[in-house]
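Hello,

Here is the structure you will be working with. Please look it over first, then read the notes below it.

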Amino acid sequence: MDLNKLSISTAPHIHRNTYVRKSMAIVVIALLPAFAVAVWQFGVSAVIVTAVSVCSCVLFEWLGCKYLLKKPCTLGDGSAIVTGLLLAFNLPSSMPLYQIVTGAAVAIGLGKLVFGGIGNNPFNPALVGRVFMLVSFPTRMTSWPAVGQMLAYTDATTCATPLYYVKGMVQGYGVNMSDLPTFWDMFWGRMPGCIGEISAIALIAGLVILLVTRTITWHIPVSILATVAVIATALHFASPDLFIAPQYHLMCGGLLLGSCFMATDYTTSPMTHKGMVIYGICIGFITMVIRLFGSYPEGMSFAILIMNAFVPLINRGCRSRHFSKI
């Protein structure tokens, strides 16, 4: 056997036996329904935010490979495009251009390239950029333009998201529950929020594409959603005046987007099905704790990043049994 043909790389490795370029292309296709709804509801601002985010991530990927890692450019694998899309989908449609570029620089530079590029990053790069922006630009990151302002951008009229009312019920903000969107508003995307998270049907369609093409398995998204549903149902049954119905937790905020597209990232998620279920349950639990009792109304990004740090431990504890002679 010619040992020179063996290719050995550092962990973590991509888990499925598919080409990276093909996987990234499928993810982009799966994100298109959510992008279409974003353009339908937010208009030109959704296009601007997405285009700037993707172009910035591609630029920083090229600069990082050329001047930081000093290795051949990896733009051909499509991972920078996916990172740019996911970062944009986690932003309000009114984000100023320089803040988007800053977030993209952190996502690619700090979230990916400093660890050696694709396959080596322990944390989801898009979420690294998103959390950095949340800490650095809290006012803009928590200002949610109302839907239907097709030509407005940074001067768009803002309003509260459904998760504000969820938090308000628990912490006594004195919110008016009649302002909550209906089930069908959340289903089709007629509610404020980040540009890629507002439509449940669009994100579910993307999940179906990922599952049918076997780009991901069901273990992580189903375990996250099931955990949130069980906790929300139990709390609502115990105190319906204090805890909102479970469909609001499932269909609003970044739960569907994070469950389907970010928690399932090959590099930063567990390698075994058992590990994926444990990982998903923990993400769902942490998300609910932050949503109901934390300072921020949304906890999905923090929950995924926290559990990214535990992935090596989960992999160690859920290793497959070795075959041996009896």
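**What was found**

Of the protein's 326 residues, 51% count as buried, meaning under 20% relative accessible area, with exposed over 50% and partly exposed in between (1.4 Å probe, protein chains only). This is a predicted model: local features need pLDDT of at least 70, side-chain atom pairs count only at pLDDT 80 or more, and totals for chains, interfaces and linings use all residues. Residues are numbered from 1 along each chain as its sequence is written, and side-chain values use heavy atoms, with hydrogens and water left out.

The protein has 14 helices and two strands. These are DSSP runs, numbered from the N terminus: helices are H or I with at least four residues, strands are E with at least two.

Now the contacts (heavy atoms within 4.5 Å). Among those with a separation of 6 or more, 74% join residues 24 or more positions apart.

Next, the surface. The protein exposes about 15,300 Å², by the Shrake-Rupley method with a 1.4 Å probe; for residues, only the protein chains shown count as cover. Carbon and sulfur atoms supply 68% of that area.

Last, the cysteines. How many disulfides are there? A disulfide is a pair of cysteine sulfur atoms within 2.5 Å, and by this rule the count is zero. Cys 55 is in no disulfide; its nearest cysteine sulfur belongs to Cys 57, 9.6 Å away. Cys 55 counts as exposed, at 53% relative accessibility. Cys 252 is buried, with a relative accessible area of 1%.

Best wishes
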